[in-house]
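Hi,

Here is the structure I promised to pass on. Have a look at it first, and my notes follow below.

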Amino acid sequence: MDAFDRFWEWAEKPLDSPLTIPAELHRAVMELPPEDRRDRAKVNEAAARALSDRPLTSDRSV
């Protein structure tokens, strides 16, 4: 599952779902213009940049 699928699975989850994603992934996607959030390549590129800067000890999630 790539970052695009992971983000949209989280975004469309039921309200009572415990599913989370890393805060860095959420931030990277939400910083994109709304029309780019549905572009797999742009989401994956933004996520790769954001997650490459992520500290290994980070346990933050959304």
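Predicted model: local features only at pLDDT ≥ 70, side-chain atom pairs only at ≥ 80, totals over all residues.

Glu31 is found in the loop between α2 (23-30) and α3 (40-52); helices here are DSSP runs of H or I with at least four residues, strands are runs of E with at least two, and both are numbered from the N terminus. Glu31 is exposed, at a relative accessible area of 62%. For that term, exposed means over 50% relative accessible area, buried under 20% and partly exposed in between, using a 1.4 Å probe and protein chains only. Between the C-alpha atoms of Glu31 and Ala46 there are 8.9 Å, with 15 residues separating the two along the chain.

Residues are numbered from 1 along each chain as its sequence is written, and side-chain values use heavy atoms, leaving out hydrogens and water.

Two aromatic pairs turn up (rings of Phe, Tyr and Trp, the last by its six-membered ring, with centres within 6.5 Å; planes under 30 degrees apart are stacked, over 60 edge-to-face, the rest tilted). Phe7 and Trp10 both belong to helix α1 (residues 3-11), three residues apart, and both are buried. Together, the ring pairs join Phe7, Trp8 and Trp10 into a cluster.

Happy browsing!
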